Amino acid sequence: ENPTVSSKPHTQKLYMMNNDDDDDVKVRVRFITQHEKFRVTETPFMVPTSLGRKGLSEVITHLLEGNSKETSMAFDFMIQGNLIRLSLSKFLARFKNSISSEDTITIEYFPAANIDSEKVNSPITVPGWIGSISTVNVRNQEIIVAGCYDGNVQIIVSSSLFESQPDHTSARIDFQAHSEPVRALCTWTIDLDNSTFKSSQGRKAKSDQPQSIISIATASKDHTVKLWNVALHNSTPRLLSTLKCTSSAESLHISPISSSASPSQSPQSLLLCGDWSGCLRGWKLPTDLLAVPGAAPADVDDAKKRRKVDSSSSLAVGSSDPQVSFTIKAHSQALSGLDMDPNASSLLTCSWDHSLKVWDLERQDCVATLVCPKVATSVQKRPLTGDACVAATSHVDGKVRLWDTRVGGASEVNHATSVASFGRSTQWVSQVRWLPGSEFLFGAADYSGAVTLWDCRAASPLACNAAHSGKALCLGWTSIAAKSDTGEVAKGGESVGGNRSTRRKVAAAEEGTVQAEVQWAMVSGGSDSCLRATPLTRTY
């Protein structure tokens, strides 16, 4: 049985089961997909082996038109877990030991992820280099927090990066956090639904609207980690606490935090910091420090005074400052990356000493050490939709490497090679970040100024954007929109311990249980003092 064939000669050539005049070698294929919206006939038919990804996309587009489904999308194709990046003939030759061209070949297809060049707008320029980025969702509004080398912190509304003629000044808050460069930061949110809350001076601050507080931890070369609260309704940062380190603070991570504003419902959270000497420190954050936000004094009316950050008026909100829970000499050189399980049971650390370590936080013990061939600059575990034991690291030789963190026994040094490695150049890769909710896609920023989109099932990158004229120093993800078939739109993002509704929605969409459109963008900062968003085409 043949699918409906267009009257166009070139499409007839693609779908004719038998054509004695055609000398092209053909194979019998069956197309399958998990996306109901793009499902076509699963009846096998013949296609030329000269077709590659583009030609196969034309096949799917033609079949969808025959089924009265309108689409202009590009598709990716996969055979036995390997993405097709060559013609079918070259692909089958490469995998001739596992795939027989005499059998019916099952090809899985799905919408391709690529850079949406039409939505790449002008970047936001700041006074200093941007060395760290974190994104957080505040009441369905995406917020980007950037740490700069001049010690400044920039808080920017994500949507301003996607406007054709953006007014960046009206969509940002900035304040001086440190006297030296901000090397790392992490963010979380506190939502206050009640209209009255306690200020740092003990007065009552009134509000007719529910309040949203961004809590920020900043790590700097000035040997300190600082905790801040910023209320978006008055743009006044409040310094909650200053934590001391013995050397330059290089990396930060915080365990999941409850969004409840009630201290009785919000457990203690653990803030972790890695420094230049290789030490790992942990602080237990008191619930009263997290749950009671700092507010501008109710009797201060002068806007300029409210915006001024004065250490003499920046009082700690909680009844007690965070206490050091532990200090571990984790590495022999700079601890450059941290990532923790959502349940805060295990921790990954990477370092300039060419190692990736797995830690049992309860025992405060290293349970596995993986030897890296080069200096590691960042690490992140695969999101919960995938295998939580797979981690990605970025390196100074231009590679991103994937690791199985289950290998090795207790306190055992494992010299096994990484599961896979990915690289497009020899430029230093500064950071790697998984696409939230995705099992396969991740982004990387490198010193050539480029941000690259990868799929771990393919040896070559999906897309690359020259985002910066200088070095790309940091990378994050922000969601543009998540729209269901009912027309509802939700905003989402990568918040540390915050709202994961969008991630679950993306995961459900990838599993085929929910049909949702989600558009994401890579957000990068660099030595050109620019913050740029690189949007992707919609991933379903």
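Let's start with Ser-220. Is this residue buried or exposed? Its relative accessibility is 0%, so Ser-220 counts as buried. Keep in mind that this is a predicted model.

Where does Ser-220 sit? Look at strand β14, which covers residues 211–220. Ser-220 lies in that strand. Its side chain reaches the backbone nitrogen of Asp-222, at 3.1 Å. Now the surroundings.

Next, a sheet. How many strands form it, and in what order? Four strands, running β17-β18-β19-β20. The sheet is open, and the pairing is antiparallel. Which strands stand at the edges? Those are β17, residues 249–254, and β20, residues 323–329. Each has a single partner strand, so one side of each is left without a neighbour in the sheet. On average, neighbouring strands here are turned by 20° against each other, direction ignored.

Look inside that sheet. Strand β18 spans residues 269–275, and strand β19 spans residues 279–285. These two pair in the antiparallel sense, over six bridges.

On to another strand, β30, residues 429–434. Why do we call β30 largely enclosed by the rest of the structure? Because six of its six residues are buried. Buried here means under 20% relative accessible area.

What does β30 pair with? Its partner is strand β31, residues 441–446. Five bridges join β30 and β31, in the antiparallel sense. Val-432 stands opposite Ala-444 in β31. The two strands make a hairpin, with six residues between them. In that hairpin, find Gly-437, which takes a positive phi near 85°.

Last stop: Asp-455. This residue has its place in strand β32, residues 450–455. Buried or exposed? Asp-455 is buried, because its relative accessible area is 1%. What does its side chain do? A polar contact of 2.8 Å joins it to the side chain of Arg-457.

Asp-455 also meets residues from elsewhere in the sequence. Setting aside neighbours within four places, Asp-455 is in contact with Leu-83, Phe-422, Phe-440, Leu-441 and Leu-462. Take Phe-440 from that list. In sequence, Asp-455 and Phe-440 are 15 residues apart. In space, C-alpha to C-alpha, they are 5.3 Å apart.

Technical notes
Residues numbered from 1 in each chain as written. Predicted model: local features only at pLDDT ≥ 70, side-chain atom pairs only at ≥ 80, totals over all residues. Heavy atoms only, no water. Buried < 20%, exposed > 50% of the residue type's maximum accessible area, 1.4 Å probe, protein only. Polar contact = N/O pair within 3.5 Å; in protein donor to acceptor, adjacent residues only side chain to side chain. Contact = heavy atoms within 4.5 Å. Pairing = 2+ DSSP bridges. Axes fitted to C-alpha atoms, helices over the stretch in contact; angles between N-to-C directions.
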